[in-house]
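Here is a friendly note to read alongside the model. Keep the sequence and the 3D view open, and take the points one at a time.

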Amino acid sequence: MTNLAEFREDESYCLIRMDDGKANALSFEMLTQLEKALDQAAQAGKVVIICGRPGKFSAGFDLSVMNQGGEAMLQLLQSGASLSRRLIDFDTPVILGVSGHALAMGALLLLSADYRIGIHGSYKIGLNEVAIGMTLPWFGVELARHRLAKTHFNKAVGLAQVYDAEAAVTAGYLDEAVAEDQLMSRATSLAEQLSALDMTAHRQTKARVRDPLTASLDAATAREFEP
């Protein structure tokens with residue numbers, strides 16, 4: 001089996017690197033391996049960094065499954081929603097090293113993490129579902145509603161606005177953008193800094209801050225997947 005989500009534990013953090021050799025599509029196998037890597041990170045109880053391969057963070061769901069429609073599509077959507085919710089609720093800080101393009105479900109992962117670092121350049125970040133003939137799932141709408149800047153919500157969701165890293169900071173997809181060769185050093189430096197937090201206090205405070213979002217996601221998930 002190909003290793004799509006490499007896990008490495010450091011003294012202060014756990015690093016998960018997605019790499020399928022292509023666009024880092026969120027296939028069933030990629031999602032399964034990400035969940036297993038997060039299991040290891042949860043057991044370690046350390047800050048988590050998730051990054052992609054050079055030039056590609058994630059292009060979103062595996063289109064070969066999404067274009068099938070039917071049960072397979074719903075199962076993939078549900079797996080993605082579960083991963084997003086797990087990141088939102090994760091006990092320790094989750095940092096994303098956004099190493100390139102982050103589109104569709106890839107962009108929703110950005111809206112699920114605690115801190116997002118992008119890179120300057122021509123990389124594209126955004127919810128492009130409408131542009132490629134897909135309706136944004138209910139959980140994605142709620143993530144965008146709660147995490148994007150209000151002035152960008154409608155054009156980001158309904159008009160498929162795509163951003164570079166600098167504009168993505170303004171829109172709310174990213175917290176900062178750095179030079180490409182500084183991405184991992186910045187992510188690891190921040191992870192080391194955040195490792196000094198009291199993780200119980202972090203978890204409890206994050207739950208309070210995100211209570212409106214999690215309530216909205218519960219309702220969205222029921223609307224999306226329950227009969």
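The numbered points below go through the sheets, an aromatic pair, one glycine, the pockets and the cavities.

1. **Before you start.** This is a predicted model, in which local features need pLDDT of at least 70 and side-chain atom pairs count only at pLDDT 80 or more, while totals for chains, interfaces and linings use all residues. Residues are numbered from 1 along each chain as its sequence is written, and side-chain values use heavy atoms, with hydrogens and water left out.

2. **The sheet of six.** Look for an open sheet of 6 strands in the order E1-E2-E3-E5-E7-E10, with mixed pairing. Strand E1 (5–9) and strand E10 (176–178) stand at the edges with a single partner strand each, so one side of each is left without a neighbour in the sheet. From one strand to the next, the twist averages 20 degrees. The names come from DSSP runs, numbered from the N terminus: helices are H or I with at least four residues, and strands are E with at least two. Two strands pair if DSSP finds at least two bridges between them.

3. **One pairing up close.** Strand E7 (residues 115–119) runs parallel to E10, and 3 bridges join them. Here you can find isoleucine 117 opposite glutamate 176 in E10.

4. E4 and strand E6 (residues 100–103) run parallel and are joined by 3 bridges. Serine 58 stands opposite alanine 102 in E6.

5. **Two tyrosines.** How many aromatic pairs does the structure hold? There is 1 aromatic pair. The ring centres of tyrosine 163 and tyrosine 173 are 5.7 Å apart and the planes are at 55 degrees, so the pair is tilted. (Rings of Phe, Tyr and Trp, the last by its six-membered ring, pair if their centres lie within 6.5 Å; planes under 30 degrees apart count as stacked, over 60 as edge-to-face and the rest as tilted.) Tyrosine 163 lies in strand E9 (residues 162–163) and tyrosine 173 in the loop between helix H7 (165–171) and E10, so the pair ties together parts that are 10 residues apart in sequence.

6. Tyrosine 163 counts as buried at 5% relative accessibility, and tyrosine 173 is buried with a relative accessible area of 0%. Glycine 21 counts as partly exposed, at 46% relative accessibility. (Buried means under 20% relative accessible area, exposed over 50%, and partly exposed in between, with a 1.4 Å probe and protein chains only.) Glycine 21 is in the loop between strand E2 (13–18) and helix H1 (28–44). The C-alpha atoms of glycine 21 and lysine 56 are separated by 9.5 Å, although these residues are 35 residues apart along the chain.

7. **The largest pocket.** This pocket holds about 350 Å³ of space. Of its 23 lining residues, Phe61, Leu63, Met66, Glu129 and Met134 are the closest to its centre. Helix H2 (63–66) and helix H3 (70–89) are the elements that give two or more residues to the lining. (On a 1 Å grid over the protein atoms alone, a cavity is a set of points where a 1.4 Å probe fits but cannot get out, and a pocket is an open set with protein on both sides within 12 Å along at least five of seven lines; lining residues have an atom within 4 Å of a point.)

8. **The second largest pocket.** Its volume is about 160 Å³. H9 gives the most to this lining, with 4 residues. Helix H5 (138–147), helix H9 (199–209) and helix H10 (211–225) each supply at least two.

9. **The cavities.** The structure holds 2 cavities of 30 Å³ or more. The largest cavity has about 60 Å³ of space, and its lining residues include Met18, Leu34 and Phe57. H1 and H3 each supply at least two residues of that lining. The second largest cavity has about 30 Å³ of space, with Val98, Gly100 and Tyr123 among its lining residues.

Definitions and conventions
Axes fitted to C-alpha atoms, helices over the stretch in contact; angles between N-to-C directions. Points joined across faces, edges and corners; volume = space filled by probe spheres on them.
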